[in-house]
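Dear colleague,

Please find below the structure that I am handing over to you, followed by an account of what was found in it.

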Amino acid sequence: MVRNIFDKQVSNEIISRIQQLTPTTKPHWGKMSVDQMLAHCNVTYAYTYEPEKFEKPNFFKKFLLKTFVKGIVVSEKPYQKNGRTAPEFIMTGTKDFDYEKIKLIHNITKTQQLGESHFDGLENFSFGKMTGKEWNNMFYKHLNHHLSQFGV
């Protein structure tokens, strides 16, 4: 079962894990550096809180995302190591570690404070309307996957 990111204790545990990261933390798998991983995790929240920054997927792309990707993202099944990443989530170059870390903590706190009821039935940029549970699974699984990747 996926833990509830909307629960303050769970959010605080995730934030505590993020606080353990340093600019030199190395991944146990994958190609991203720790600063890139933090920026990568922030993309999910940018899609949620700043969708106007992105080009909306056309009908065909949204159909493919809802049909083939949504189930993987919002299910309770953990992500596999070295899985495929959407182009919009691929990070290159050096990112500002401290900025990305602070931004991610802010996004997690904001999400927890808004609560599950805020997200229940809310339109997701790529997947359409989602339940609070689906939003939770998406947020928590993604964070847990990448924090585990970096050993925290």
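**The second largest pocket**

The second largest pocket is lined by Met1, Val2, Arg3, Trp29, Glu76, Pro78, Tyr79, Tyr140, Lys141, Asn144, His145 and Ser148. Please bear in mind throughout that this is a predicted model. The volume of this second largest pocket is about 150 Å³. Sorted by class, its lining consists of 6 nonpolar, 3 polar and 3 charged residues.

His145 belongs to helix 6. Is His145 buried or exposed? Its relative accessibility is 12%, and because buried means under 20%, His145 counts as buried. When neighbours within four places in sequence are left aside, His145 is in contact with Trp29, Tyr79, Gln80 and Lys81.

**The largest pocket**

The largest pocket has a volume of about 1500 Å³. Its lining comprises 46 residues, and those closest to the centre of the pocket are His40, Gly83, Arg84, Thr85 and Ala86. By class, the lining divides into 20 nonpolar, 17 polar and 9 charged residues.

Which helices each supply at least two residues of this lining? They are helix 2, spanning 34–49, helix 3, spanning 59–74, and helix 6, spanning 132–149. Helix 6 provides the largest share, with 7 residues.

**The loop between helix 3 and helix 4**

Two residues of this loop were examined. Asn82 is located in the loop between helix 3 and helix 4, and its phi is positive, at about 60 degrees, although Asn82 is not a glycine. With a relative accessible area of 57%, Asn82 is exposed, since the term exposed applies over 50%.

Pro87 is likewise placed in the loop between helix 3 and helix 4. The relative accessibility of Pro87 is 64%, and Pro87 therefore counts as exposed. Between the C-alpha atoms of Pro87 and Thr48 there is a separation of 17 Å, the two residues being 39 residues apart along the chain.

**Packing of the helices**

Two packed helices are described by the angle between their axes and the distance between the axes. Two such pairs are reported here.

On the helix 3 side the contact involves Lys70, Ile72, Val73 and Val74, which meet Glu134, Asn137, Met138 and Lys141 in helix 6. The residues of this contact comprise 4 nonpolar, 1 polar and 3 charged.

Lys8, Ser11, Ile14, Ile15, Ile18 and Gln19 in helix 1 are in contact with Lys101, Leu104, Ile105, Ile108, Thr109 and Gln112 in helix 4. By class, this contact is made up of 6 nonpolar, 4 polar and 2 charged residues.

Where is Gly132 found? Gly132 is in helix 6. The relative accessibility of Gly132 is 1%, so Gly132 counts as buried. Not counting residues up to four places away in sequence, Gly132 touches Phe6, Glu116 and Asp120. The C-alpha atoms of Gly132 and Leu122 are 8.2 Å from each other, with the two residues 10 residues apart along the chain.

Gln113, by contrast, counts as exposed, at 60% relative accessibility. Gln113 is situated in helix 4. From C-alpha to C-alpha, Gln113 and Gly132 are 14 Å apart in space, while in sequence they are 19 residues apart.

Yours sincerely

How values were computed: Residues are numbered from 1 along each chain as its sequence is written. This is a predicted model: local features need pLDDT of at least 70, side-chain atom pairs count only at pLDDT 80 or more; totals for chains, interfaces and linings use all residues. Side-chain values use heavy atoms; hydrogens and water are left out. On a 1 Å grid over the protein atoms alone, a cavity is a set of points where a 1.4 Å probe fits but cannot get out, and a pocket is an open set with protein on both sides within 12 Å along at least five of seven lines; lining residues have an atom within 4 Å of a point. Grid points are joined across faces, edges and corners, and a volume is the space filled by probe spheres set on the points. Helices (H or I, at least four residues) and strands (E, at least two) are DSSP runs, numbered from the N terminus. Ala, Val, Leu, Ile, Met, Phe, Trp, Tyr, Cys and Pro count as nonpolar, Asp, Glu, Lys and Arg as charged, and the others, Gly among them, as polar. Buried means under 20% relative accessible area, exposed over 50%, partly exposed in between (1.4 Å probe, protein chains only). Contact means heavy atoms within 4.5 Å.
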